[in-house]
Structures are given as structure tokens and as C-alpha cells.
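Subject: Structure for your review

Dear colleague,

Please find below the structure that I am handing over to you. I would be grateful if you could read the notes after it with the structure open beside them.

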Amino acid sequence: MEERLGKICDKNERSSLLYLYSFIGMPKDVICGIVEYCCGIGKTGMRYIVKTATSMYDEGVDNYDRFEEYMRRKEAFAQQSGRLRALCGFGDRAFSPKERECVERWFETWALPFDLVALAYEKTVDSLARVSFPYMNAMLKRWYAQGYACREDVEAGDRKAGTESSFDEDEFFEAALNEGFTAK
């Protein structure tokens, strides 16, 4: 640990690591993995390491397999949210708390693929001429409830909805002409 942290740990820092192992019951390999992760992102303070470890433990990370799965999900989320920021033209701007809540719901809770979120973005911008996370969220919520998992599912659903419509364009235009309406 000291080698990875790049310093000799004092009594309090050693006690913090011992706390994770003895009191929390976190396995040594998980603690080492968390320290490695924290060092990798430049956060070598013991308070940050302990806070990260207890947070992970609270989320069910209690063995190395779960730690690896947690890290895979975290990396996938970082990649997807980065792609979404680029798509929306946000650059390096962090998501607002409400935006982040939506992004976490889409990619983590609902496990939607990026292409489906990108389609919602396209439809939102086409309709509103701007990005709107609440609008995208409503669309994605509907698609999720309908079991859509990809762009093709949405397109098939749109075609199905179009063929089952009771709205007949020819009847509408004929009725409009009979009422004296003309297209300008």
C-alpha cells in the first residue's frame, strides 16, 4: 500500500486500512483494488480512500468479483456519459445534478444502449431544436416500458403505431376541403 500511495503511512492511515479490514470486513484484495483505483484517479488521501471503500461496500462490493464488476460498470458509465456529453455538445462541462440523475437512470438503472439514447437525442433536437433531458427522459421512459432495446425496436414500434392509427389523412383533407380550408 505504501509503495502504491508513494509515502509511508502514519499510524492513523494504517488504522484506517485496518478499520476497513477488521471492522467493515472488507477483504484485503478489495482494499488493494480500491487503493489502486483511487491512486489511478489521483486521490491518494486516506479519507477519500476510506469513503470510497465504505461507499462501495454499502453498494454490495464485498468480494473481488463484485469489485471487478463494479469497476466495469463504472468504466462503462464513464464512457457512455462522455459520449453523450460530446453528442450534446457539452464539451467538458459536467452534467447538472438533474441531468446526471437522468443519465444514471438511462445507463445504469435501465441499462439502455447508447444508440437508443442517441436516437432520443436526435428526436428531441428534431422536435425542439435544442437538447432537453426531461423530454429525452420521457421518451426513453416510454421506450423502456415498451421493452425497446435498440433503434430498430423503436422504428418497428413507430411503423406499427402508424398502421394502427384510426386517423385517415385522406378523410381529414377531404373534410377540410369541404369546410373551406385550404393549404397555404
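Predicted model: local features only at pLDDT ≥ 70, side-chain atom pairs only at ≥ 80, totals over all residues.

Helix H3 covers residues 28-40, which is 13 residues. From its first C-alpha to its last, H3 reaches 18 Å, close to the 18 Å expected at 1.5 Å a residue. Its buried residues are Val30, Ile31, Gly33, Ile34, Val35, Tyr37, Cys38 and Cys39. These buried residues pack against four helices: H1 (2-5), H2 (11-24), H4 (46-58) and H5 (64-88). After H3 comes Gly42, which has a positive phi near 80°.

H2 contributes Leu17, Leu20 and Tyr21 to the contact, while H3 contributes Lys28, Ile31 and Val35. By class, this contact has 5 nonpolar, no polar and 1 charged residues.

The second pair is H5 and H6, the latter formed by residues 97-109. Their axes come within 11 Å and cross at roughly 125°; the two helices are therefore oblique to each other. The crossing of H5 and H6 is right-handed. On the H5 side, the contact is made by Phe77, Gln80, Ser81 and Leu84, and on the H6 side by Arg100, Val103, Glu104, Trp106, Phe107 and Glu108. By class, the contact of H5 with H6 has 5 nonpolar, 2 polar and 3 charged residues.

Yours sincerely,
A colleague

Note on methods: Residues numbered from 1 in each chain as written. Heavy atoms only, no water. Expected span 1.5 Å × (residues − 1). Buried < 20%, exposed > 50% of the residue type's maximum accessible area, 1.4 Å probe, protein only. Contact = heavy atoms within 4.5 Å. Nonpolar A, V, L, I, M, F, W, Y, C, P; charged D, E, K, R; others polar. Axes fitted to C-alpha atoms, helices over the stretch in contact; angles between N-to-C directions. Parallel < 35°, antiparallel > 145°, perpendicular 65-115°, else oblique. Left-handed = near helix turned anticlockwise from the far one by under 90°.
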